[in-house]
Amino acid sequence: MSAVTFHEDRLDTVMKRADTHTIPPAEAPPRSRPTPFFETERGRAWLAGAGGLLRAAVPPGIGLALFVLLWHLVAASSDGLPGPAPTWEAAKALFADPFYDNGPNDMGIGWNILHSLYRVGVGFGLAALVGIPAGFLLGRFAFLSGMAAPIISLLRPVSPLAWLPIGLMVFQVAEPASIFVIFISSIWPIILNTAAGVARVPQDYMNVARVLNLSEWKIFTRILFPSVLPHLMTGIRLSIGVAWLVIVAAEMLTGGVGIGFWVWDEWNNLNVEHILIAIFIVGIVGLLLEQTLMWVAKRFSYA
Amino acid sequence: MHHYLQIENASMVFDTKNGKFTALAGIDLHMRQGEFVSLIGHSGCGKSTLLNLVAGLNEPTEGVLLLAEKEIKGPGPERGVVFQNHSLLPWLSCYGNVHLAVERVFGASESKRRLRERAMAALELVGLAHAAHKHPHEISGGMKQRVGIARALAMEPKVLLLDEPFGALDALTRASLQDELMRIVRDTAATVIMVTHDVDEAVLLSDRIVMLTNGPAATIGEILEVDLPRPRDRLQLAEDPGYHHLRSQVLAFLYQKQRRPAKAA
C-alpha cells in the first residue's frame, strides 16, 4: 500500500500553459540605409572576439619570437648548431614529400611519425585495456589494493628503458619489445588514477545507490563510472604523455621505422637540422595528443 | 493502522577508535500512517542516526524496526530518503536523477512511457517540470532540494525520510519550500519523518515533535502533539497563541531541560 499518489492532470495543465504564449507582432523596422557591418550587433561581437583573440595571442607570440632569436644567437656563435633559417629550409624540403618509401631504411618523415604513433597507440591501448579494470578493482577492494601496493611502488619508479632487455628477451623481436616498454611504463598512471578515483567516490552517491537499492551493474554505469571518469581521463592523459616520451628512446635502441630511430639515423648522417626538426615534431605531436585528450576529457566531464 | 511504523527499544552503538560509543539508547516510537513527525534535538544527539536506522543505512545494535508489519533490514525504495545535501548525481539531468529512482522501482512492471510519465509527474509535483533537462549544477540550491524530494516521492515510498532537508538553504527559500512540502504532504497523504534543528519548522510542519535528549545514549525526552488545524498558514500562525505556546515548549526543552554542555560547542 502506498501513501503517495500523484495528480497526473497537473502535467496536462502545464503542457497547456506552455501553449498559450502568444508572440506580439513584431513592429516593422523603419527603412533606412543599411548599417555598416562593424556597427551591427554581430559586427561588434566579431570585433570584440577578434580583439580578445589578439590579446591572447600576443604573449605566446612574443615568447616564441624571443625563443627563435635566442636560438639564432646561440647558433651564430657555435659551429655545429644550425640556426632557425637553415632548419626551416630543411623542414620545407623534408615535408615536401613526407610519404616516400625507398625501403625500410629510407622512408619519408610521415611514415616515421605514423610508425611511432602506431607503437604508442598499441602499447597505450593495451595499458588502458589492462589498467582501467585493474584500477577499478584496486579502488573497490581494499584487500586487492593492499596486495598490489608494494608491487606498484616497486615497479613504478623503474626507468622505462630498463624494461627493454626483458622485452627483447621475452619477445625476441624489436617491435613487440618496444610496444611492451610503452605498455609497462604507461600503465601505472592509469591504474593509480583510476583506483584513486574509485576510492574517492563521494559517500553521498553510494548512499543514493543504497537507498535506491541499485544493482551492481547500475551502480557501475550510473555512479562509479561517471564519478571516476575525470580521474580516469587524467590518468590517460599522463599515461599517453609518458608513452610518447618513451617511444623516442625505445626506438633509438631498437631501430626500425619511427621518429626515434630517424633521429638516431640523422645523427649518424650528421644532419643536425633534421634532429632539430625531429625535436619539434616530437613536441608538436605530444602537444596535439595531450590537447586531443583534454578536449575528450572536457566532453566527458559533467560539470 | 496506528502502528504503521514501529521502533521498538532501538539502540545504536558505534565502534570507534576510542572504544564503543552509544549514540542511541532505548528508542520507542510508533507512528500512524499519514503522520508527520519531526525529530528535533541539539546537533550530535543522534537524530540523523535514528533516521538512518529507519532508512536502513544503519542497523540497530539492539531493538527492532517495523514498517507496515515488516522488519526493516537494509535500505529499500519503500523508504524514500531526502538527504541534507541533496545528493543528486551531477552527471544526470534532473529528469535523469528522478528517472533512475523510478526505473529501479517500477522498471520491471511498467512500460517506458509510463516510467517517463512518472518521472515528469514527480518533477511537476515539486514545480520543476520546466527544469527537467537541466543538470544539478545549473539550478539553485532550493531547486536541487526539490529534485531530491521529487526523486524520493517518485518511488511512491511508504514513508518519506527527510534529513534536515532545508538546513543548507537561506531563510526565504526555506520558507517557500516548507510551504511546498506542506502542500505535497497534503496532496499525497505521505507519512513523513523529518530531522530538523529549526523549532519553527518543526511546529509548522509536524503532527508530533519528538524531542531527543543530548547524547551520548540519546533517547526520546518528550513528545509534543501539535494540534494546530490544517491547512496551516505561517502568517496566521504568527499571531496564534497556540502556536507560540507549542513553540515555547520546544524551546524550553532544548534550552532549559537539555541545555547543551558548554564544551560541546
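In the predicted model, a salt bridge links Glu103(B) to Arg222(A). The closest N and O atoms of this pair lie 3.8 Å apart. In total, two salt bridges are counted between chain A and chain B. Polar contacts across the interface of chain A and chain B join six residue pairs, with both residues at pLDDT 80 or more. On the side of chain A that touches chain B, the elements giving two or more residues are helix H1 (9-19), helix H8 (203-212) and helix H9 (216-254) of chain A. H8(A) gives the most to this side, with seven residues. The residues on this side divide into 15 nonpolar, six polar and six charged.

The contact draws 27 residues from chain A and 40 residues from chain B. The size of an interface is often given as the accessible area lost when the parts come together. Between chain A and chain B, the buried area is about 3,200 Å². Carbon and sulfur atoms give 64% of that area.

Chain A itself has eleven helices and zero strands. From the N terminus on, its elements run α-α-α-α-α-α-α-α-α-α-α. Chain A has 303 residues, of which 35% count as buried. Contacts in chain A were also sorted by separation in sequence. Among those between residues at least 6 apart, 67% join residues at least 24 apart.

H11(A) has 29 residues. From first C-alpha to last, H11(A) reaches 42 Å, close to the 42 Å expected at 1.5 Å a residue. Buried positions in H11(A) are His274(A), Ile275(A), Leu276(A), Ile277(A), Ala278(A), Ile281(A), Val282(A), Val285(A) and Leu293(A). An α-helix has 3.6 residues a turn, so residues three or four places apart point the same way. The partners of the buried residues of H11(A) are helix H2 (41-77), H3, H4, H9 and H10 of chain A.

Leu270(A) sits in the loop between H10 and H11 of chain A. Phi of Leu270(A) is near 55°, a positive value in a residue other than glycine. Most residues other than glycine have a negative phi, and most peptide bonds are trans. Leu270(A) counts as exposed because its relative accessibility is 62%, where the cut-off for exposed is over 50%.

Glu156(B) also has a positive phi, near 45°. Glu156(B) lies in the loop between helix H4 (141-154) and strand E7 (159-163) of chain B. With a relative accessible area of 22%, Glu156(B) is partly exposed.

Leu238(A) belongs to helix H9 of chain A. At 45% relative accessibility, Leu238(A) counts as partly exposed. Leu238(A) and Ile190(A) are 48 residues apart in sequence, yet their C-alpha atoms are 7.9 Å apart in space. Leaving aside residues up to four places away in sequence, Leu238(A) touches Pro189(A) and Asn193(A).

In chain B, a cis peptide bond joins Arg230(B) and Pro231(B), with omega about -5°. Pro231(B) is found in the loop between strand E10 (220-225) and helix H7 (234-237) of chain B. Arg230(B) also takes part in a side-chain pairing. The side chain of Asp207(B) makes a polar contact with that of Arg230(B), at 3.0 Å.

Asp207(B) lies in the loop between helix H6 (199-205) and strand E9 (208-212) of chain B. Asp207(B) counts as buried because its relative accessibility is 15%, and the cut-off for buried is under 20%. Not counting residues up to four places away in sequence, Asp207(B) touches Gly34(B), Glu35(B), Phe36(B), Leu224(B), Glu225(B), Val226(B), Arg230(B) and Arg232(B). These neighbours include Arg230(B), one partner in the cis peptide bond with Pro231(B).

Key
Residues are numbered from 1 along each chain as its sequence is written. Chains are lettered from A and ligands numbered from 1 in the order in which they are written. This is a predicted model: local features need pLDDT of at least 70, side-chain atom pairs count only at pLDDT 80 or more; totals for chains, interfaces and linings use all residues. Side-chain values use heavy atoms; hydrogens and water are left out. Contact means heavy atoms within 4.5 Å. Buried area is the accessible area (1.4 Å probe) that two parts lose on being put together, summed over both. A salt bridge is a side-chain nitrogen of Lys or Arg within 4 Å of a carboxyl oxygen of Asp or Glu. A polar contact is a pair of N or O atoms within 3.5 Å; within protein, one must be able to donate a hydrogen and the other to accept it, and residues adjacent in sequence count only if both atoms are side-chain atoms. Helices (H or I, at least four residues) and strands (E, at least two) are DSSP runs, numbered from the N terminus. Ala, Val, Leu, Ile, Met, Phe, Trp, Tyr, Cys and Pro count as nonpolar, Asp, Glu, Lys and Arg as charged, and the others, Gly among them, as polar. The expected span of a helix is 1.5 Å times one less than its number of residues. Buried means under 20% relative accessible area, exposed over 50%, partly exposed in between (1.4 Å probe, protein chains only).
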